[in-house]
Amino acid sequence: MKLLERTEYLNRLLDVKGTPDIKVITGIRRCGKSVLMKEFVNILERDFRNSNILFINLQELENENLREYRALHSYIINHYEKEKENILIVDEIQLCEGFELAINSIHAKGIFDIYLTGSNAFLLSSDLATLFTGRSMQIRVFPFSFREYLEYNNDFGKNLNDSFDRYVRDGGLSGSYMYGNPTDRINYLKDLYETVLLRDLVKKYKIRNASELRKISDFMIGNSANLLAPNNICKELNKDGSSITNKTVSKYISYLCNAFLFYEASRFDIKGKKQLSSNSKYFIVDSGFRYSILGTRNMDFGHIYEGIVYLELLRRGYEVYVGKMYKKEVDFVAIRNSEKLYIQVSDNITAEETLNRELLPLKAIRESYPKLLLARTYHEKYDIEGISILDLAAWLASDPAISS
């Protein structure tokens with residue numbers, strides 16, 4: 001299998017190296033967390049010669065005896081080297097029952113720089129505060145960005161729009177790229193989707209009616225760019241004779257987000273400068289899931305592109321909200337430190353009516369922060385009344401270090 005060095009994530013790991021936090025690497029299954037940590041170990045071994053690096057993969061059979069927290073604790077303590085910088089990396093930590101007891105004890109001693117990865121059924125983002133008594137830090141790993149997809153496939157310098165069309169269909173979960181047959185790629189993604197739903201969430205939360213969870217998840221995929229509330233979803237699903245309650249829908253949505261299958265974009269009142277609690281958008285973590293689960297039914301490329309942009313903004317370190325400006329909606333308000341972007345996403349804006357509709361919410365914002373309209377323009381960047389019109393594929397392929 002071809003490997004891609006994911007420089008941004010490796011640099012992030014190096015930035016927090018040596019901090020007292022328990023570093024927890026999270027993300028959807030098979031997004032590359034384990035491979036990333038192996039690359040991190042290679043860098044540590046190369047550049048930090050006075051380090052004692054203890055890398056434990058609990059999935060390997062030779063480490064089966066460490067799947068008990070006292071044994072794991074003793075093994076780690078016995079491999080501490082006093083005169084060196086001690087770094088502990090445990091992959092698939094959830095395979096050790098009671099792992100938090102061992103990790104908390106090691107952390108309390110202050111003798112190891114600690115990094116953990118694991119199945120998201122047992123190491124969900126919502127669990128971190130209760131699992132670890134010391135401070136923990138979450139480093140989110142996503143499927144390949146479009147830029148990484150280009151690099152992986154040696155597509156830089158080739159037809160950018162053809163590559164983008166393939167990326168929209170294939171998604172960024174690189175395990176599927178090993179299959180040359182499109183049906184095999186789709187089946188790989190379907191299997192992964194089923195694993196997260198049925199083996200992870202159903203098992204962790206002891207869900208008795210797995211079909212309800214599946215219906216809610218499928219509905220959210222098909223409505224990923226629409227504002228949703230548990231009540232809306234409940235009404236739609238119950239039209240076919242189901243008896244799902246608002247409470248169940250709300251609970252299952254939180255499970256799906258905690259497992260990194262979906263990400264929530266809540267609403268932000270641009271005029272009042274405050275977050276709103278009513279309705280949110282929920283974006284599937286990878287467009288490949290949309291194709292594998294729903295195929296080409298009810299295709300809306302504008303909505304699919306919106307999800308891709310949302311995930312890219314998260315990769316680039318922004319907090320992302322759905323903007324509300326009086327009765328108008330701005331697709332995204334992206335905030336990073338003192339920086340703020342207002343963004344509209346569209347498919348084809350060649351029709352004047354469509355272009356004006358997309359520009360109208362941005363024109364209504366009187367603030368001086370940058371305003372972007374991202375669409376399939378197939379042209380160089382241009383401006384309309386201070387609003388930057390950018391080709392979507394070109395923006396996604398740009399270096400985030402030097403572009404908005």
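These notes walk through some features of the structure above, point by point.

1. **Before you start.** This is a predicted model, in which local features need pLDDT of at least 70 and side-chain atom pairs count only at pLDDT 80 or more, while totals for chains, interfaces and linings use all residues. Residues are numbered from 1 along each chain as its sequence is written, and side-chain values use heavy atoms, with hydrogens and water left out.

2. Helices (H or I, at least four residues) and strands (E, at least two) are DSSP runs, numbered from the N terminus. Buried means under 20% relative accessible area, exposed means over 50%, and partly exposed lies in between (1.4 Å probe, protein chains only). Strand E1 covers residues 22-26, and five of the five are buried, so the strand is largely enclosed by the rest of the structure. In a regular strand the side chains alternate between the two faces of the sheet. Here both faces are covered: Ile22, Val24 and Thr26 are buried on one side, and Lys23 and Ile25 are buried on the other.

3. **The partners of E1.** Two strands pair if DSSP finds at least two bridges between them. With strand E5 (residues 136-140), E1 pairs in the parallel sense over five bridges; look for Thr26, whose bridge partner in E5 is Arg140. Strand E4 (residues 113-117) also runs parallel to E1, and three bridges join them. There you can find Val24 opposite Leu116.

4. **Helix H1 and its buried side.** In helix H1 (residues 7-16), the buried residues are Tyr9, Leu10, Leu13 and Val16. They cover an arc of only 130° around the axis, which puts them on the same side of H1. (The arc is that of the directions from the helix axis to the C-beta atoms.) Contact means heavy atoms within 4.5 Å, and what covers these buried residues includes E1, E4 and E5, along with helices H2 (33-47), H6 (146-152) and H13 (301-315). After H1 comes Gly18, with a positive phi near 90°.

5. Asn104 lies in helix H4 (residues 99-109) and is buried, with a relative accessible area of 13%. Not counting residues up to four places away in sequence, Asn104 touches Ile22, Leu131, Phe132, Thr133 and Gly134. Gly302, in helix H13, is buried with a relative accessible area of 13%. Leaving aside neighbours within four places in sequence, Gly302 is in contact with Val345 and Asp347.

6. Strand E8 (residues 319-325) is mostly covered, with five of its seven residues buried. E8 pairs with strand E6 (residues 262-269) in the parallel sense over three bridges, and Arg267 stands opposite Val322 in E8. With strand E9 (residues 328-336), E8 pairs in the antiparallel sense over six bridges; the bridge partner of Lys324 in E9 is Glu329. E8 and E9 form a hairpin with two residues between them, and Tyr326 in the turn has a positive phi of about 55°.

7. **Positive phi in loops.** Most residues other than glycine have a negative phi, and most peptide bonds are trans. Arg30 is not a glycine, yet has a positive phi of about 60°. Arg30 is found in the loop between E1 and H2 and counts as partly exposed, at 42% relative accessibility. Lys206 also has a positive phi, near 55°. This lysine, Lys206, lies in the loop between helix H8 (182-205) and helix H9 (210-222) and counts as exposed at 69% relative accessibility.

8. **Aromatic rings.** Rings of Phe, Tyr and Trp (its six-membered ring) pair if their centres lie within 6.5 Å. The whole structure holds 22 aromatic pairs. One aromatic cluster is formed by Phe144, Phe146, Tyr149, Tyr152, Phe164, Tyr167, Tyr177, Phe301 and Tyr305.

9. **Charges over rings.** A charge sits over a ring if NZ of Lys or CZ of Arg is within 6 Å of the ring centre and within 35 degrees of the ring normal. The charged end of Lys17 sits over the ring of Phe48, 4.2 Å from its centre. Arg316 lies over the face of Trp395, 4.3 Å from the ring centre.

10. **Cysteines.** A disulfide is counted as a pair of cysteine sulfur atoms within 2.5 Å, and a search of the whole structure finds zero. For Cys257, the nearest cysteine sulfur is that of Cys31, 16 Å away. Cys257 counts as buried at 18% relative accessibility, and Cys96 counts as buried at 1%.

Methods. Phe/Tyr/Trp six-rings, centres within 6.5 Å; stacked < 30°, edge-to-face > 60°.
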